Each structure stands twice: as structure tokens, then as C-alpha cells.
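Hello,

Here is the structure I promised to pass on. My notes follow below it, and I hope they make a handy starting point for your own look.

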Protein chains: 2
Amino acid sequence: MVGAARALPHVSTQAAVIDVIRAAGTISRAGLIEETGLTGATISTLVRGLIDQGLVVETGRAESTGGKPRVLLQLEPTARYAVGVHLDHAGIVYVVTTLAGGVVAQMSRAGVGVDDPPVVVERMAREVAALLASAGVDPARVSGLGLVAPGPLAPHSGMRLTPPSMRQWEDFPLDGALEDAVGVPVLLDNDATAAALGEHWSGRAGARATFATVYMGTGIGAGLIVNGGAYVGVSGNAGEIGHVCLDLEGPECWCGARGCTEAIAGPAAVVAAARADRSVARAAGLDRRSTSALTSTGAQFAAVTRAALRGHDGARALLDRSARYVAVATRTLANVMDLDLVVLTGPGFALAGSVYLPVMQAELDRFFFSRSTHGVEVRLSPVATTAAAIGAAAMALQSELVPQRGTLRLPDRGEQHAATTR
Amino acid sequence: MVGAARALPHVSTQAAVIDVIRAAGTISRAGLIEETGLTGATISTLVRGLIDQGLVVETGRAESTGGKPRVLLQLEPTARYAVGVHLDHAGIVYVVTTLAGGVVAQMSRAGVGVDDPPVVVERMAREVAALLASAGVDPARVSGLGLVAPGPLAPHSGMRLTPPSMRQWEDFPLDGALEDAVGVPVLLDNDATAAALGEHWSGRAGARATFATVYMGTGIGAGLIVNGGAYVGVSGNAGEIGHVCLDLEGPECWCGARGCTEAIAGPAAVVAAARADRSVARAAGLDRRSTSALTSTGAQFAAVTRAALRGHDGARALLDRSARYVAVATRTLANVMDLDLVVLTGPGFALAGSVYLPVMQAELDRFFFSRSTHGVEVRLSPVATTAAAIGAAAMALQSELVPQRGTLRLPDRGEQHAATTR
């Protein structure tokens, strides 16, 4: 078995050490040496620097196997904060996390809908400021903001191809615009990848260093965690299982190809099939009399899901059909990546996960290619609606930004919602 | 963008340093510090050890930007050798490489056919000894043998699920048996992954650190190189695009699932379709009168390919149909991994690559999901028939085995074929 056999030269060693301390909770210098492969002298110098910056504190001693007890290190959680923003058609989710990764505040607001991008960016800046204020976080301690959205994305030009509902966002320089509006560095990344990192960060995937999330929001995607880090591919757009072909003669997808998972079985396909079935449409509130309140695909998919969970057979059949295709696409992902854990996350699965999970588990049990060597476990995320925003904050914290002190620009607090603080 | 942000603790630092020197050709100590992220003191100690072991030599000085000229280091190529063996139904390919990665000898012999595994293992040991003798390589300098075969594989139990033609190999402890027979450590791995590493090692993928190979031999697989190392998944079985579903109602595959790429479009499916068409069967020598000489799927597929290349329309149509499905499966791989380079390798593509490549390139140009961000180039390997064996040797060299001195057991040279030495 051959691994990535060399240390990565372009990743800040300091950021890597912070990451190891965060993952460990508390750790001794000897533990850091073992975990990072760095020398004692290097670790000693790095730790001294982190303590001087107030990012790390010494916190008691651990029993040692012979010799003197070892001093334990931990992050000073409130030394830095990061903001995570998950932007989607159906909703915008915000979280604030400490340097140690704890979520100190979160809130959900209206999605981008049909608003123009600059209007939404201004609103996001106000909402970020409101959330920080409500949580009592000093804006000067915010070192960065992670912003995640549906892919494919490119830095400085934002979304390069969008679902029809978000066409006005194509090539809008999202990261730069938000950076100008909030005054802290903004990292732009793929929402499905962020959700995977959010699951990893929240410790929900147990001790596994390599796993995938299947993400269902407005569309379907996947995020890949490999050896504890996000695998993002050559342009940050890995994991597009929504655009895996399951039928060469299948329906045309908005991406241009035919027979994509998303076109056959994604939330929009389920909603379209529900509308076409009078009984399901009525049960889900999608018939002509009652649609007005449900403007986004995500909300409409949730309505079909609720009808299925209330026992409507037609709605249930639509979800079961979707689950069968999503299960096959997930098997493709597992066969290509050789996985043993898949976590279902995203707002779509928050409600519909109980329908999809058993179908997906059965598919993998029966047909995963390497099933004679090991199985693939399918789990439902307990943070399905916030995982992408948590992962966005994690990206900011894991980046080179952490040691910097932010200079958050405070827009007028035009919107002073009470934020959920926990 | 988030990378694997920590140094890997379980990889030998010495093996990693050897790998960096090999990739660079010649490099200074300062260059090693920069490439590995290790400290000057660590590099100094490691290099001294490698020089003492005769693995590394100093070789002149480079101009420096100010200060004294830097001493350059390089591997002593003949200090160690590795053997790579690619075992398949249709043929066994052997290579011998130096520590620096140069191929000094290669040969091809009959495949496993219907022989019992222990008989084939004894033959392999003789063939390895013969190849080393013909190349004038001192067996005491062979530090390891990489053995690759079709997956799924498990260490110490070999193949866990096999195509019908190799059923007698299921759960045969291949690595242990060959290790006993040749007396050097044997690493067992997946042939498609090895082919990817072989392409990387041969420098055929240019400077790309992340790319995939699509491998066609008896079946279809893929190998994944990520950040310069092989991505192998949780059990060494990543890249199984032969078992990506392209049709939920498609034909049953030997793996148990339906509509796999291999079942619809793999070499065996092409050969079956050729046999069913009287004109193609005759043109390819697969009709009843002439089949006797072509016992393996690989040889039969090559015969169909030759008929197509000679201009037989029916044979060409069968390959074009196969290419269309393989192209879609490759697009799936590119969408999941977000790739910008795919190299076609393996004996199947050695002959049929010119038919498959344009179909695959057109598919990726039109329908790759992130095409607005970057394209995906498809290239044909110039070492298609030996890439897996070269990669097998590379696995042995990149492992922890290198610093050890081998104690190759020499079996009787029952087979003294002249090996191709280059």
C-alpha cells in the first residue's frame, strides 16, 4: 500500500500543529512530535510561538510512562473565531465557531431566491454582524469567513455553472464581494465538501479519517474526507455524484448531460413527479391552490417528504424510487473511492434520511464491489442542516488565516434578529 | 481549499526522503528541507545515514543564489533493485528497476490460464530468477518484490472476488506463497492502482501530481494518483470503474450487480458480442474453426481490435459502442475526483487506445461537470503493457523495504529465457 509519502511543503506547519491540537483536545509536546513527525526542536519553537500569540495555553500535566509528567497543551478557544456561511437557493445558514471548533452561535435566514447577488451580499454582511453581536463575539477576533455554495466554483469568479434557479449568480465574484462587504478574508468552497468537513469537525464520523458524505440540498453532491483532510480535486469540485450517469438514454440534466442522478432522482425531479400526480400534489400542498408558500425546491421536496412520512403511499413511492437511484450513485462513489463509511447530510436528508438510509444500506450490503473485504456503513448525520456552515467555518480556521487578527468591518445592523446561541 | 494538513506519522521519513531525491534526480540538502518540510538537523542526519548505507551519493555542486555552492545528492541507482510482477489471466509481466526507478529488464510470459495457483507461484519464482540473471543483477541487492493482480484484494488472503476465469485464485494467499518462494518481502496490490503509479513513475503524466489512469486488461479499472502518491481507499481497492452502474436494468455482472461498465462494455462483453456476429467472429478469428489459439479474453479482445483496425465495420461498431460506455464511466470518475488528466493504459488500450481515446475525449469535452472551470485531457500511455509491473516495482521501492538488504532465494533456473534488457 502506498500513501502520500511526503510531507506537504505548501501547508503552513503552524496551521497543521493547531489542527492536531484541536483534534486531540489536549496533547503534550511529545504527542505533537509523534502526530506530526516534526522534530522536538521544531515543535518546541512552534508551540512557544503559539503560546506567545495567545492561541495555545498549557493546562496541567498528564501521567507519563516513566520520567516526569508531561505538560498538556490546548487551544485557547476564544482567542480566535471563524464564521461559516452556507449560501443556497433555499436558505442561508450561518455559524460562528471558536478556534477550538465549538459552535457558539448559529442562525438560518431566507435563501437567495430571485434577489440580485449584490443585494444578497449586503444582506449577508448585515446578518453576519448581527449574529456576532448577539453571541457577544468581539469582531476583532474573527480571523476569517468560510463561504460555501453549490459548485462548480472558481476563486474570484464564483459559480461557473448554476442550477436554473440561481442563474443570476453565474460568474458573480462572490468571495471578493463578500470580502469587501465584511472586511475579513473570505474563502470560497463547495458546499458538499464543506458538509463533509463539518461532519468530520463535529466528530460525527467517529474516528474514521477517510469517509464520504452524501449531501442533499437543492441538488445532490458528495464530500470526501481523506486522511483527515478534504479531498477537493484539481479545482475544488470533487464529489459530483449528482452528475454521475445512471442511464445513457435518461432525461437531460441542467448540466447538459443525460441521465444524471440529479435529473432522475434529485429533489427537483421528485418535486416534478409529485406535481404530476394529483394525489401526491394535494397531499404535499403542491397543487394549484396551495403552492404559493413553497417557492424553493428544497421546501417543496420537504413537503413531499412530510406527506410520505404521514403515510401517503404515492409520495412514499416517489421517495423510494429516488432512494434507489441515489443508492446506486452512492455505490459508484464507494466503488471508486473504496469507502467504509458514508454519512447522509444536508437539509434534504434531515427530513428524508429515514427513507433513504435503509435503501442505501441494502444496496451497499448487496452490491458494493469489495464487500468480501469490508462493508460500507451508512449513517444519518445529527447535524444535517448545519454541517455545511460548520465545515465552512472549519475551512477558515484550518487555513493560513488563523494566526492573523481579523479587522471585521461592521455594517449597519439593519437586521437585528436574535440568533440561536448554544 | 483544504489539504491534508498534517504530516503523516506512519510513513518512514527515510523512505519519504529517498522518494523526494528520486523525483528530483539531483537535489541539495536545502532543497530536501524545502520539499519535505523537515528541519535542517533532521535532513542532515537522514542524509548521512543514507550515504553510509550506500543508497545516496554526493555528486558535484550547484550554483547558489549567494553563499557557497550547494552539494547535490542523488541516489546510487544500483545500490538496490526491485522486481515488479503483474499477474493476470492473459499474461504475466515482469520488470526489474533500479533504486532510481530505471527499468533495467522486462519480460512477458504466459498468464495464469487454468493452472493451479501453487504451480504458477513456483513458475513465477523461476522466471524472476531468470530475469535477474539475464540482467546481471545481484540477487542480494533486490530489496523487494511488488506483485499486482486484479482486485478486490486483501493482504495475506489474495483475491477476494475474481472474474470467472480466475476462480481458483479466490482466497489463495498469493503474497505469502510468493514470498516463501522467492525469499524477499512481497507487497500485494491492485493492478490498476499499480498501473497509475507506473505512469507517474515513468514520468508519462508530465508534471501532474493528481491524475487517474483508466486500465483495460481482462477487465476495466482505474488507478488514482493524488498529490504524487497512490490513492488506494480503505482496503486498497479504489478505482473500480468497471463496476460503476450505467444502467440499473442492464445485464448482470460477475460481481453480482447489474449494468456494470464491465458487463456492458468490458473486453469480455465485446468478445461475446463479436462471437455472436458471424462476420465479426470470422474477421477476428473467433469463429468455430479458428478459436483454438485464443484462450484468454485479452487475446480475443485484441483479435477483435485488430479486425476493427483493419477496417471491419462490424468490429469497429462493437468497439465504438464499448468506447461510449467506457467514456461515460470515465466521466463519472472525473466528476467524482475532479480530474484534469486521464491516461489510458493496460494491454487492452495498447492496441485499442486509438479507437477509445477520441470517443472519451469528446465525452469529457462535452459533458464533464466542471468543464467551465477546466478541461480533462485524455492521453494514451506509451508504456501501456508494462505500466502495472513498473508500478509494482515502484511500490516495493517506495515502501519501508528499501533500506533492507534482500536475501533472495534462488530457485533452480528451470526457465532461462533471454529477457528484454534495455
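B:Ile27 has B:Leu73 as its bridge partner in β3(B). Before I go on, a word on conventions: this is a predicted model, in which local features need pLDDT of at least 70 and side-chain atom pairs count only at pLDDT 80 or more, while totals for chains, interfaces and linings use all residues. Residues are numbered from 1 along each chain as its sequence is written, and chains are lettered from A and ligands numbered from 1 in the order in which they are written.

Back to that pair of residues. β1(B) and β3 (residues 70–75) of chain B are joined in the antiparallel sense by two bridges; strands count as paired if DSSP finds at least two bridges between them. Helices (H or I, at least four residues) and strands (E, at least two) are DSSP runs, numbered from the N terminus. The open sheet here has three strands in the order β1-β3-β2 (chain B), with antiparallel pairing. β1 (27–28) and β2 (56–62) of chain B are the edge strands, each with a single partner, so one side of each has no neighbour in the sheet.

**The five-stranded sheet of chain A**

Chain A has 13 helices and 16 strands. Five of the strands make an open, mixed sheet in the order β13-β12-β11-β14-β15 (chain A). Its edges are β13 (229–231) and β15 (377–380) of chain A, each with a single partner strand, so one side of each lacks a neighbour in the sheet. On average, neighbouring strands of this sheet are turned by 30° against each other, direction ignored. For angles, axes are lines fitted to C-alpha atoms, for helices over the stretch in contact, and angles run from 0 to 180 degrees between N-to-C directions.

Six bridges link β11 (residues 211–216) of chain A to β12 (residues 220–226) of chain A in an antiparallel arrangement, and the two form a hairpin with three residues between them. β11(A) also runs parallel to β14(A), with four bridges between them. A:Thr213 takes part on both sides: it stands opposite A:Gly223 in β12(A), and its bridge partner in β14(A) is A:Val343.

Is β11(A) mostly covered or mostly open? It is mostly covered, with six of its six residues buried. Here, buried means that 20 or more other C-beta atoms lie within 10 Å of the residue's own, exposed means 12 or fewer, and partly exposed is in between, with C-beta atoms placed from the backbone. A:Phe211, A:Thr213 and A:Tyr215 point one way from the strand, while A:Ala212, A:Val214 and A:Met216 point the other way. Helix α12 (residues 347–367) of chain A lies across β11, β14 (341–345) and β15 of chain A, at about 170° to β15(A).

**Helix α4 of chain A**

Buried residues of α4(A) include A:Val120, A:Met124, A:Arg126, A:Glu127 and A:Leu131. Among the elements that cover the buried residues are β4 (81–87), β7 (142–149) and α5 (174–182) of chain A. Just after α4(A), A:Gly136 has a positive phi of about 70°.

Across chain A, 59% of the 422 residues count as buried.

**How the two chains meet**

Chain B superposes on chain A by a rotation of 180° with 0.0 Å of shift along its axis (RMSD 0.1 Å). The two copies are thus related as by a two-fold rotation axis. The superposition is by least squares on the C-alpha atoms of residues with pLDDT of at least 70 in both. The same surface serves both copies, as 100% of the contact residues of chain B recur in chain A.

The contact takes 72 residues from chain B and 72 residues from chain A; residues are in contact if their C-beta atoms, placed from the backbone, lie within 7 Å. On the side of chain B that touches chain A, α11(B) gives the most, with seven residues. By class, that side has 37 nonpolar, 24 polar and 11 charged residues. Ala, Val, Leu, Ile, Met, Phe, Trp, Tyr, Cys and Pro count as nonpolar, Asp, Glu, Lys and Arg as charged, and the others, Gly among them, as polar.

Best wishes

Notes:
Contact = placed C-beta atoms within 7 Å.
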